[in-house]
Amino acid sequence: MQVATEITTFTCICCPLGCRLEVSFDEAGEAEVEGHSCARGASYAVLEATAPARMVTALAQVEGRLEPASVKTASPVPKGRVPEVLDALRRLRVAPPVHAGDVLLANVCATGVDVVATKDIA
C-alpha cells in the first residue's frame with residue numbers, strides 16, 4: 001500500500017448532501033477519494049483537486065441602453081483565469097438586439113470557452 005503524499009478536503013456541491021470529501025494522491029499520482037456518497041462526488045473531488053474550473057456570470061454593457069445584458073460562460077473556465085475573464089467582460093460592449101444564447105464573446109481569453117447572453121434585450 002502506498003502512502004498518500006497530500007490530502008486536500010472539499011465540500012461536495014454535486015447534490016444537497018454536501019459530503020466532506022478528502023482527496024489524496026499516492027506517489028504514483030493516483031487519486032483516492034474518501035467521504036463521497038456517489039460517483040459524481042468522487043469525480044468532482046478529483047477535478048477540483050487537479051483542475052478546478054468555474055462558470056462565470058456577469059453583466060455586459062449594451063450600447064444605447066441603461067439595462068445591461070446578463071452573460072455567462074458556456075462552460076466552466078479554469079479557476080485561475082476567472083479574474084482575466086471578468087476583466088474581458090468589463091470591457092465588453094454589445095450592440096442590440098441581444099438574444100438569449102447569442103455568442104457575445106467567442107473564445108474568451110483564449111480559454112476555448114464562449115460567453116453567451118442569458119436573456120433577450122430588444
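I began with helix H1, whose buried residues are Gly-41, Ala-42, Tyr-44, Ala-45 and Glu-48; buried here stands for under 20% relative accessible area, exposed for over 50%, and partly exposed for what falls in between, with a 1.4 Å probe and protein chains only. Seen around the axis, these residues cover an arc of only 160 degrees, which puts them on the same side of H1; the arc is taken from the directions that run from the helix axis to the C-beta atoms. The model is a predicted one, in which local features need pLDDT of at least 70 and side-chain atom pairs count only at pLDDT 80 or more, while totals for chains, interfaces and linings use all residues. Residues are numbered from 1 along each chain as its sequence is written, and side-chain values use heavy atoms, with hydrogens and water left out.

I took helices (H or I, at least four residues) and strands (E, at least two) as DSSP runs, numbered from the N terminus. On the other side of H1 I found Ala-39, Arg-40 and Leu-47 exposed. The buried residues of H1 pack against strands E1 (6-11), E2 (20-25), E3 (31-34) and E4 (53-54), where contact means heavy atoms within 4.5 Å.

I then checked the length of H1: its 12 residues (39-50) should span 16 Å at 1.5 Å a residue, and the end C-alpha atoms are 17 Å apart, which agrees. The expected span is 1.5 Å times one less than the number of residues.

Which residues does Ala-45 contact, leaving aside its neighbours within four places in sequence? They are Phe-10, Leu-21, Val-23 and Val-33, and Ala-45 counts as buried at 0% relative accessibility.

Of its 21 residues, Val-71, Val-85, Leu-89 and Leu-104 touch the most other members. Strand E5 (57-62), strand E6 (69-73), helix H2 (82-91) and strand E10 (115-117) each give two or more residues to this core, and the largest share, 4 residues, comes from H2. Apart from this core lies another, of 10 residues, among them Cys-12, Cys-19, Phe-25 and Val-33.

For H2 I listed Val-82, Val-85, Ala-88 and Leu-89 as buried. Down the axis of H2 these buried residues fall within an arc of 120 degrees, so they line one face of the helix. Pro-83, Arg-90 and Arg-91 are exposed on the other side of H2, and what covers the buried residues includes E4, E5, E6, E7 (77-78), E9 (103-105) and E10.

I also followed Thr-73, which has its place in strand E6 and is buried, with a relative accessible area of 1%. A polar atom of the Thr-73 side chain lies 3.0 Å from the backbone oxygen of Ser-75.

How many disulfides are there? I count 0, a disulfide being a pair of cysteine sulfur atoms within 2.5 Å. The sulfur of Cys-19 is 5.8 Å from the closest cysteine sulfur, in Cys-15, which is too far for a bond. Cys-38 is in no disulfide either, the nearest cysteine sulfur, that of Cys-15, being 5.3 Å away. I noted Cys-19 as buried, with a relative accessible area of 14%, whereas Cys-38 counts as partly exposed at 29% relative accessibility.

Technical notes: A nonpolar core is a set of buried Ala, Val, Leu, Ile, Met, Phe, Trp, Tyr and Cys residues joined through side-chain atoms within 4.5 Å. A polar contact is a pair of N or O atoms within 3.5 Å; within protein, one must be able to donate a hydrogen and the other to accept it, and residues adjacent in sequence count only if both atoms are side-chain atoms.
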